[in-house]
Amino acid sequence: MLLIYCPYCEEERSELEFRNAGDAHIVRPANIAEISDEEFEEYFFLRQNPKGLIYERWRHIHGCGRFFNAVRDTVSDRFHVTYKAGEPKPDLDAEPKTNETVETYEALEGVAE
Amino acid sequence: MADQAIATRKAPLAGRRGGSPAAILTPAEPASRISLRAGHDAISALSAALGVTVPLRPKTSASTGKRHALWLGPDEWLVIDEEGADLVAAAASSGALHSAVDVSHRNTAVIVSGPGAEAAINSGCPQDLSLALFPVGACSRTIFGKAEIVLLRTAEDTFRVECWRSFSPFVFGLLSEGAEDAGH
């Protein structure tokens, strides 16, 4: 079970209390009525889905109810840092960049030919 | 003359008994409750009007007699009056900007007491309820099985488990199972 640090409750809580809410730091265009369909698609639907660090919104739905942001490694599932909504992206240089992988399909089964 | 309809209050857990010698389950008496939302600038006025200090630190509560104010979030509290006082009117008399929704009948509560109370609740709740991390007076909204609950530790071996009334048979049933296991 993952423990996630809620910046509002100031405590680590079980993942059961949380809900993922998609990518963080997606800026809504100010001129949303004027942009083209392609630009809207880019803003609304297209995401990077990185292998590695991802900035996400999470909600402590069964706790304080707040949205906050988290930096998570999509390979190891490790949460590097969580911070309150509205705060700038944290500087990750202070954080170690590599992690032990937990269990990946490639490690267990080999890379698909 | 037509028969007069008389409304009678139906307590969701009326007549239920359960638990074990390790953890006794008692449906709580009806109480009045409000869901209180307010900014920090309204807190001192609301505290004075409600007669209980609305807490600002996470996971803490404050009590005056039979009235309790529980921190749920940075701008959200659950206020419970076990004597059934009109909390909405009390909050309104503060004159400060706030939102108070009466949830007296939405919620019901189970009192879990005994040496196995922690273990009974932990059968479905992932929080660390040890006294060091969840002392007397600590409170938290959390999850119990599939149901959302609000926990309040009223004594070292006693918890008040607040849940929504529609989930109360589930909560009581799972607590009963946990209480059976807590004795072993």
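This is a predicted model: local features need pLDDT of at least 70, side-chain atom pairs count only at pLDDT 80 or more; totals for chains, interfaces and linings use all residues.
Local features need pLDDT of at least 70, side-chain atom pairs count only at pLDDT 80 or more, and totals for chains, interfaces and linings use all residues. Residues are numbered from 1 along each chain as its sequence is written, while chains are lettered from A and ligands numbered from 1 in the order in which they are written.

**View 1. Chain B as a whole.** Chain B holds four helices and 11 strands. Helices (H or I, at least four residues) and strands (E, at least two) are DSSP runs, numbered from the N terminus. The radius of gyration, taken over C-alpha atoms, is 17 Å for chain B, close to the 16 Å that the globule rule gives for 184 residues, so the chain is as compact as a globular protein of that length. That rule is 2.2 Å times the number of residues to the power 0.38. Along the principal axes, the C-alpha atoms of chain B fill a box of roughly 60 × 55 × 30 Å.

**View 2. Burial and contacts in chain B.** Of the 184 residues in chain B, 41% count as buried. Buried means that 20 or more other C-beta atoms lie within 10 Å of the residue's own, with C-beta atoms placed from the backbone. Among contacts in chain B between residues at least 6 apart in sequence, 64% join residues at least 24 apart. A contact requires C-beta atoms, placed from the backbone, within 7 Å.

**View 3. The six-stranded open sheet.** The strand order in chain B is 1-2-8-11-10-9, with antiparallel pairing. Strands pair if DSSP finds at least two bridges between them. Strand 1 (18–19) and strand 9 (139–144) of chain B are the edges; each has a single partner strand, so one side of each lacks a neighbour in the sheet.

**View 4. Strands 9 and 10 of chain B.** Six bridges pair strand 9 with strand 10 (residues 147–155) in the antiparallel sense. Cys139(B) stands opposite Leu152(B) of strand 10.

**View 5. The hairpin of strands 4 and 5 in chain B.** Strand 4 (residues 61–64) runs antiparallel to strand 5, joined by four bridges. Thr64(B) has Arg67(B) as its bridge partner. Two residues lie between the strands, and Gly65(B) in the turn has a positive phi of about 60°.

**View 6. Strands 5 and 6 of chain B.** Strand 5 (residues 67–73) is mostly covered, with six of its seven residues buried. Six bridges join strand 5 to strand 6 (residues 76–81), and the two run antiparallel. Gly73(B) has Glu76(B) as its bridge partner.

Note on methods. A residue is buried if 20 or more other C-beta atoms lie within 10 Å of its own, exposed if 12 or fewer, and partly exposed in between; C-beta atoms are placed from the backbone. Two residues are in contact if their C-beta atoms, placed from the backbone, lie within 7 Å.
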